[in-house]
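Reader: I am new to this structure. Please show it to me, and then I will ask about its parts.

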Amino acid sequence: MSRWRELTGETSGEDYAARFAALAHSGKDVHGEAGFCAALVPAGARVLDAGCGTGRVMIRLAELGYDCVGVDLDASMLAVARQQAPGLPWFQADLAAFEPDLLGIAADFDLVVAAGNIFPLLAAGTEATVVRRLAEALRPGGLLVAGFGLDEAHLPVPPGITLPEYDDCCAAAGLTLVDRFATWDAAPYAGGGYAVSVHRR
């Protein structure tokens, strides 16, 4: 069982969306992840939102002209995404068993983004498999972008995967570290409890 399912029971889609809607209403920028990705690949590029949740990141990227696909295991989150953007392709699938071909999706993404603490919330022991699955969905030269917390202050669960462990998973999947940041605003990473990592296939 994933840590996400243990935490939420996979029934939190509406509450999750309401929290970000309130942040947006208060004037907060809730599109940092999409802006970060848009700075890496040009409009029109194919983007996989791995662990897309309610679709906040992917919907914004689609608005910016990206060819997007969203995948998540939580039906309650996907229900919100489909309600907000019924014309976009949303798929329910476990990232540890993700095979684009079986869903009728071409495995030639320019960028895969895993935002929202995807890796710390996976089922323990599946992290390397998920990295490999996502790497296989990239075209040669494509980018895997993942942002996640590393300590209790930045996570809703006890800390799981470390950056060295994540880098090892990426290396085993044929990915090379390009850059690392402390935030989705691209602040330099100098240690700390949150990191955004960019790896290239």
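Reader: How many of the 12 residues of strand β5 are buried?

Author: This is a predicted model, where local features need pLDDT of at least 70, side-chain atom pairs count only at pLDDT 80 or more, and totals for chains, interfaces and linings use all residues. Residues are numbered from 1 along each chain as its sequence is written, and side-chain values use heavy atoms, with hydrogens and water left out. Buried means under 20% relative accessible area, exposed over 50%, and partly exposed in between (1.4 Å probe, protein chains only). Strand β5 spans residues 138–149 and is largely enclosed by the rest of the structure, because its buried residues number 10 of the 12.

Reader: Do β4 and β5 run parallel or antiparallel?

Author: Helices (H or I, at least four residues) and strands (E, at least two) are DSSP runs, numbered from the N terminus. Two strands pair if DSSP finds at least two bridges between them. Strand β4 (residues 109–114) has 5 bridges to β5, and Phe109 has Leu138 as its bridge partner there. The two strands run parallel.

Reader: Which helix does the chain pass through from β4 to β5, and what is the hand of the crossover?

Author: A crossover is right-handed if, with the strands pointing away from the viewer, the path from the first strand over the helix to the second runs clockwise. Here the chain leaves β4 and reaches β5 in a β-α-β crossover. The helix is α6 (residues 127–136), and the crossover is right-handed.

Reader: How many bridges join β5 to β7?

Author: Strand β7 covers residues 194–200 and runs antiparallel to β5. Gly147 stands opposite Val196 of β7. The bridges number 7.

Reader: Is Tyr194 buried or exposed?

Author: Tyr194 sits in strand β7. Contact means heavy atoms within 4.5 Å. Beyond neighbours within four places in sequence, Tyr194 has contacts including Asn117, Gly147, His154 and Trp184. With a relative accessible area of 17%, Tyr194 is buried.

Reader: What is the phi of Asn117?

Author: Asn117 belongs to the loop between β4 and α6. Its relative accessible area is 12%, so Asn117 is buried. Asn117 is not a glycine, yet its phi is positive, at about 60 degrees.

Reader: Where is Ala186, and what is its relative accessibility?

Author: Ala186 is not a glycine either, and its phi is positive, near 70 degrees. Ala186 lies in the loop between β6 (176–181) and β7. Ala186 counts as partly exposed, because its relative accessibility is 36%.

Reader: Which residue forms a salt bridge with Arg56?

Author: A salt bridge is a side-chain nitrogen of Lys or Arg within 4 Å of a carboxyl oxygen of Asp or Glu. For Arg56 the closest N and O atoms are 2.8 Å apart. Arg56 lies in helix α4 (residues 56–63) and its partner in helix α3, so the pair ties together parts 23 residues apart in sequence. The partner is Glu33.

Reader: Which side chain of opposite charge is nearest to Asp49?

Author: Lys and Arg count as positive and Asp and Glu as negative, while His and the chain ends are not counted. Asp49 lies in strand β1 (residues 46–50). Asp49 is buried yet has no salt bridge. The nearest side chain of opposite charge is 8.1 Å away, and it belongs to Arg56.

Reader: How far apart are the side chains of Arg180 and Asp167, N to O?

Author: Arg180 is in strand β6 and Asp167 in helix α7 (residues 163–172), 13 residues apart. Arg180 is buried at a relative accessible area of 14%, whereas Asp167 is partly exposed at 22%. Their side chains meet in a salt bridge, N to O, at 2.6 Å.

Reader: How many salt bridges does a search of the whole structure find?

Author: Arg133 and Glu99 form one, at 3.5 Å from N to O. Arg46, Asp67 and Asp108 are linked in a network of salt bridges. The search of the whole structure finds 8.
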